[in-house]
Amino acid sequence: MKKKSGQPRLAPQVYKFSDVDAFRSSVRNLKVDFTPLVRSISAEQIILNLPGCSVNLIKSFPRITDGQFAPDCTCVGFTMDEGIPIRFNGVDEVPSAIVIGSNGAAYTTVERVGRQYASIVFTPEVDDRDWPAAGGNFHIFETSAWAYGWLRALVREIISVTPADTDVEASQIGAAIRESLLAGIDSAFIDVVPSKWSTRANTLRQFRIFKDIRDILASSIGHPIYSSDLARQLGVSVRTIHDAVLDCSGMSLHRYLRQRRLWLVRQQLRGGTQSVKAAALAYGFWHFGDFAQSYRSLFGETPSETLARARGG
């Protein structure tokens with residue numbers, strides 16, 4: 001789209017959200033699914049688009065996130081505040097932690113409270129700076145406090161950048177900012193601290209099992225999936241599945257499946273096509289009183305209220 005005369009250039013865009021689906025649809029270069037852990041959300045996303053990359057500053061909400069980045073891009077992420085650790089790919093965040101994923105890499109996070117973090121997405125993929133190769137899943141590393149502090153300060157400065165007056169000036173500033181980001185990330189990976197926890201976090205087996213569980217649940221729309229079904233389809237024991245889910249999500253297999261099924265029921269009800277009873281049965285809820293209580297406790301409204309609103313009632 002051609003910019004109008006006098007329109008600010010290189011200006012960060014600010015978006016605020018109170019709806020999970022609206023927040024999900026705002027994320028670019030990322031296939032993502034959320035399981036909220038609170039009744040209502042309040043989130044914010046600040047985006048600065050630059051030549052070849054974007055800087056994203058996000059204020060999140062308690063949730064489980066399952067994500068996979070698009071091919072031909074590299075994402076580097078780190079928190080911008082302090083708080084209850086985010087569980088990333090089965091490991092609780094440590095001070096000065098930085099994550100990286102490229103070319104379709106996947107990840108899962110558990111955020112018990114709202115946190116603030118930055119993600120820097122480069123398109124096309126960065127493959128000429130000797131950054132760690134993440135493979136099929138995001139990897140997490142600990143860097144020095146100095147390098148970490150530099151990255152945080154750099155993002156804050158970038159988000160507050162003064163809009164450029166001309167397209168030429170915007171292009172020059174954008175290229176210079178991108179180079180500063182590359183230099184800051186170079187330093188963070190040069191200063192990586194070897195640790196046993198990062199080796200465990202970057203091991204594929206547990207995360208691959210958890211990712212397979214997510215994929216099965218996502219493809220099983222309209223009928224319930226139980227622990228024995230998962231074990232049979234994956235060719236592993238229920239205990240192995242339980243350990244993978246506990247490691248990656250921080251909750252038991254039973255609780256995780258129940259949370260996911262409740263959220264899938266809600267998605268069906270928000271479509272307005274199924275009755276409450278039909279949607280509950282489709283996802284394995286047979287005790288309707290217990291289902292309604294769990295649903296209201298999680299979402300702050302009854303299933304029938306969700307359905308009525310979807311139907312315009």
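The model is predicted, and local features need pLDDT of at least 70, side-chain atom pairs count only at pLDDT 80 or more, and totals for chains, interfaces and linings use all residues. Residues are numbered from 1 along each chain as its sequence is written, and side-chain values use heavy atoms, with hydrogens and water left out.

Five strands form an open, antiparallel sheet in the order 2-5-10-7-8. Strand 2 (30-36) and strand 8 (91-92) are at the edges with a single partner strand each, so one side of each has no neighbour in the sheet. Strands are DSSP runs (E, at least two residues), numbered from the N terminus, and two strands pair if DSSP finds at least two bridges between them.

Next, select strand 2 together with strand 5 (residues 63-69): the two pair in the antiparallel sense over seven bridges. Within this pair, pick D33; its bridge partner in strand 5 is D66.

From strand 5, move on to D72, in the loop between strand 5 and strand 6 (74-79). Phi of D72 is near 60°, a positive value in a residue other than glycine. D72 is partly exposed, at 42% relative accessible area (partly exposed lies between buried, under 20%, and exposed, over 50%, with a 1.4 Å probe and protein chains only).

Then select S96, in the loop between strand 8 and strand 9 (97-102). S96 also is not glycine and has a positive phi, near 65°. S96 counts as buried, with 12% relative accessibility.

Finish at T123 and P124, where the peptide bond is cis, with omega near 5°. P124 lies in the loop between strand 11 (116-122) and strand 12 (139-142).

Key: Helix = DSSP H or I, 4+ residues; strand = E, 2+ residues; numbered from the N terminus.
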